[in-house]
Each structure stands twice: as C-alpha cells, then as structure tokens.
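Hello,

Here is the structure I promised to pass on. Please open it first; my notes on what turned up follow below.

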Amino acid sequence: MEIRKAGLEDLKEICSMGYQLSLDMSALEPKYFAVAEQREEPMRQAVLEETKDIFLTEAEGKIVGFACVWQCEPKAEENYLVPGKFAYLSDLVLLPESRGMGIGGALLEACKNWAKERGISRMKLDSLCKNEAANHLYE
C-alpha cells in the first residue's frame, strides 16, 4: 500500500469521498450531521498551504482513503494549553469496501510522521462516540 500526498488533480475524488463521510456521520448522528457535498475550496487549501496536507491511498487507480491534517495553534479560549503548535486530524475517510485492511492505520501514521517532521508532538482529532470503528483505530 502506497501513501502519497494529494495534488490538485485529486480534488474531485477527494470531495466525492467527503460526501461518503457525510453519509457515515449522518447515519451515526442524524440530529447533528446532514448529508452534504464536500466543498472543494477547503480541500484545495489543504493541498496548497504549507501548514496543511492531505494524504491518500489508491487501489487500481482509484482513491480509496484519505486523511487531512493541519498545523494549528491553540485558540484564545484554550488558555489552559501551553502555547505551541499541534496537529489536527480533520478527516480520515475510507470507502466502505476498503475498511478493515490497515489503510486507516497507514494514513494515521502518515499524519503522525508529518507532524513529527514539523517538530509537533501533539495531535488532536474529533470522533463521534458512536463511531466505534474509528475510535478503535485511534486507540
């Protein structure tokens, strides 16, 4: 399995998979998440900006998973945190048929390595309590 950084040419497929994420989240928490198309502009920024990246993996020429990671600073209201950079895993998405094959772990590891290369030793993410598969991955 090869993990690579996304390019602008990958945006259409990534946005299509973002739709898959909205399907998954709305199925788990319909009170909080709606099914929606992934907007292209945030993904474009993640590809182009130095403080963001998208990692992906393919099977037979088709993107089957991606993870989006950002370099962040604590917000003003997070005054309990020592100032300094941290990595934020904003998305980790796999096509349903690609789950349980180690792809999610490989994408997560790519994001951790990205953070380490930038001297970042802390990563944050959000996960729904009901998303047992994702929570198992993040343990």
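Start with α3, where Ile 103, Gly 104, Leu 107, Leu 108, Ala 110, Cys 111, Trp 114 and Ala 115 are buried. Buried means under 20% relative accessible area, exposed over 50% and partly exposed in between, with a 1.4 Å probe and protein chains only. The arc is taken from the directions that run from the helix axis to the C-beta atoms. An α-helix has 3.6 residues a turn, so residues three or four places apart point the same way. On the other side of α3, Lys 116 and Glu 117 are exposed.

A word on provenance. This is a predicted model: local features need pLDDT of at least 70, side-chain atom pairs count only at pLDDT 80 or more, and totals for chains, interfaces and linings use all residues. Residues are numbered from 1 along each chain as its sequence is written, and side-chain values use heavy atoms, with hydrogens and water left out.

Helices (H or I, at least four residues) and strands (E, at least two) are DSSP runs, numbered from the N terminus. The cover over the buried residues of α3 includes β1 (3-5), β2 (52-59), β3 (62-72), β4 (86-94), β5 (123-125) and α4 (132-138). Contact here means heavy atoms within 4.5 Å. Helix α3 (residues 103-117) has 15 residues, and its end C-alpha atoms are 21 Å apart, in agreement with the 21 Å it should span at 1.5 Å a residue. The expected span is 1.5 Å times one less than the number of residues. Just after α3, Gly 119 takes a positive phi of about 75 degrees.

Now α1 (residues 11-28). Its buried residues include Leu 11, Ile 14, Leu 21 and Met 25. Among the elements covering the buried residues of α1 are α2 (40-48), β2, β3 and β4.

In α2, Met 43, Ala 46 and Val 47 are buried. They sit on the same side of α2, because their arc around the axis is only 100 degrees. The buried residues of α2 pack against α1, β2, β3 and β4.

Last, the cysteines. There are zero disulfides in the structure; a disulfide is a pair of cysteine sulfur atoms within 2.5 Å. Cys 15 is buried, at 9% relative accessibility. For Cys 111, the closest cysteine sulfur is also in Cys 68, at 8.0 Å, too far for a bond. Cys 111 is buried, at 0%.

Best wishes
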